[in-house]
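Open the model in your viewer and keep the sequence panel beside it. This tour tells you what to select next and what is there.

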Amino acid sequence: MRLDLLLSRPDLGEHLVIELKYLTAAWTGEVEHERFELLNQGAQDIRAYDVVKDIQRVEWFVDRQPGWSGVVLVLTNDPSYWSRPGHGRPTNADAFRIYEQQRITGRRAWGPSTGIGTMKGREAAIEVQGDYSCVWSDYSSLPGRRGQIPFAYIRHRLISTTKQVRFAA
């Protein structure tokens, strides 16, 4: 199993597992004389599945190693990740939503009408052992449309916190 990053202090018996997600909507602009052109990734259902999968991955590493902590970091300028849609209808990806105040716990699986292409390589349900509440906070604000960039982190067993995770800045 792979990790994005592992910070280790064996002399202190401390290790931090880090999974990173940078989920982008199209944005073009300049910041401190440097030009940026973010692509529109789309596929929010698939990318949110990947975030929940990262939570499971962090749990797997941390729960098997005493003194280990873990965090999933999510950075996005796409409001569809932190804002609930106005329609209020259930979707096939509801189990993977990471909206503000969304709880993530237990078995997470695609809805019954999910297309084969959507699930390709992501068919398996995800078992999340902890109970996580999504909390988003502002990270940065850039000029123009899609310039708001909130930041979220999901932590697992940091310091003396066990199985209490929240998205927060």
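Start with the aromatic rings: the model, which is predicted, holds five aromatic pairs. Select Tyr49, Phe96 and Trp110, which ring pairs link into a cluster. A pair of aromatic rings is described by the distance of the centres and the angle of the planes.

**The whole chain**

Now colour by secondary structure. The protein has two helices and ten strands. Read from the N terminus, the elements run β-β-β-β-α-β-β-α-β-β-β-β. Of the 169 residues in the protein, 42% are buried. Among contacts with a separation of 6 or more, 60% are between residues 24 or more positions apart.

Next, colour by pLDDT. The mean for the protein is 85, and 89% of the residues reach 70 or more. Confidence is highest in H2, at 96, and lowest in strand S10 (residues 164–166), at a mean of 37. Select residues 158–169: the pLDDT there is below 50, although this stretch has 40 contacts in the model beyond near neighbours in sequence. Where pLDDT is low, the predicted coordinates should not be read in detail.

**The nonpolar cores**

Select Val74, Phe96, Ile98, Ile104, Val128 and Trp136. Within the largest nonpolar core, which has 28 residues, these six touch the most other members. Among the elements that each supply at least two residues of this core are strand S2 (14–23), helix H1 (44–63), strand S5 (68–76) and strand S7 (126–133). Which element gives the most to this core? H1 does, with eight residues. In soluble globular proteins, nonpolar side chains tend to be buried together.

Stay with valine 128 and show what surrounds this residue. Not counting residues up to four places away in sequence, valine 128 touches Val52, Ile55, Glu59, Ile104, Thr105, Gly106 and Arg108.

**Isoleucine 46, in H1**

Move to isoleucine 46, which is found in helix H1. Is isoleucine 46 buried or exposed? Isoleucine 46 counts as buried because its relative accessibility is 18%, and the cut-off for buried is under 20%. With residues up to four places away in sequence not counted, isoleucine 46 touches Trp110, Thr118 and Arg122.

**Histidine 15, in S2**

Select histidine 15, which lies in strand S2. Histidine 15 has a relative accessibility of 16%, so this residue counts as buried. Its contacts, leaving aside neighbours within four places in sequence, are Leu6, Leu7, Ser8, Arg9, Pro10, Gly67, Trp68 and Ser69. Show the side chains of histidine 15 and serine 8, which are joined by a polar contact of 2.3 Å. Then pick serine 69: its C-alpha atom is separated by 6.2 Å from that of histidine 15, and the two residues are 54 apart along the chain.

**The hairpin of S3 and S4**

Select residues 27–31 and 34–38. These are strands S3 and S4, which pair in the antiparallel sense over five bridges. Valine 31 has glutamate 34 in S4 as its bridge partner. The hairpin has two residues between the strands.

Click on glutamate 32, found in the loop between S3 and S4. Its phi is near 50°, a positive value in a residue other than glycine. Glutamate 32 counts as exposed because its relative accessibility is 74%. Histidine 33 lies in the loop between S3 and S4, and its phi is near 70°, also positive in a residue other than glycine. With 77% relative accessibility, histidine 33 counts as exposed.

**Last stop: threonine 114**

Go to the loop between strand S6 (103–108) and helix H2 (116–119), where threonine 114 has its place. This residue counts as buried because its relative accessibility is 12%. What does the side chain of threonine 114 reach? It reaches the backbone oxygen of glycine 111, at 2.8 Å. Threonine 114 is also in contact with Asn92 and Met119, leaving aside its neighbours within four places in sequence.

Conventions: Residues are numbered from 1 along each chain as its sequence is written. This is a predicted model: local features need pLDDT of at least 70, side-chain atom pairs count only at pLDDT 80 or more; totals for chains, interfaces and linings use all residues. Side-chain values use heavy atoms; hydrogens and water are left out. A nonpolar core is a set of buried Ala, Val, Leu, Ile, Met, Phe, Trp, Tyr and Cys residues joined through side-chain atoms within 4.5 Å. Buried means under 20% relative accessible area, exposed over 50%, partly exposed in between (1.4 Å probe, protein chains only). Helices (H or I, at least four residues) and strands (E, at least two) are DSSP runs, numbered from the N terminus. Contact means heavy atoms within 4.5 Å. A polar contact is a pair of N or O atoms within 3.5 Å; within protein, one must be able to donate a hydrogen and the other to accept it, and residues adjacent in sequence count only if both atoms are side-chain atoms. Rings of Phe, Tyr and Trp (its six-membered ring) pair if their centres lie within 6.5 Å; planes under 30 degrees apart count as stacked, over 60 as edge-to-face and the rest as tilted. Two strands pair if DSSP finds at least two bridges between them. pLDDT is the predictor's confidence in each residue, from 0 to 100.
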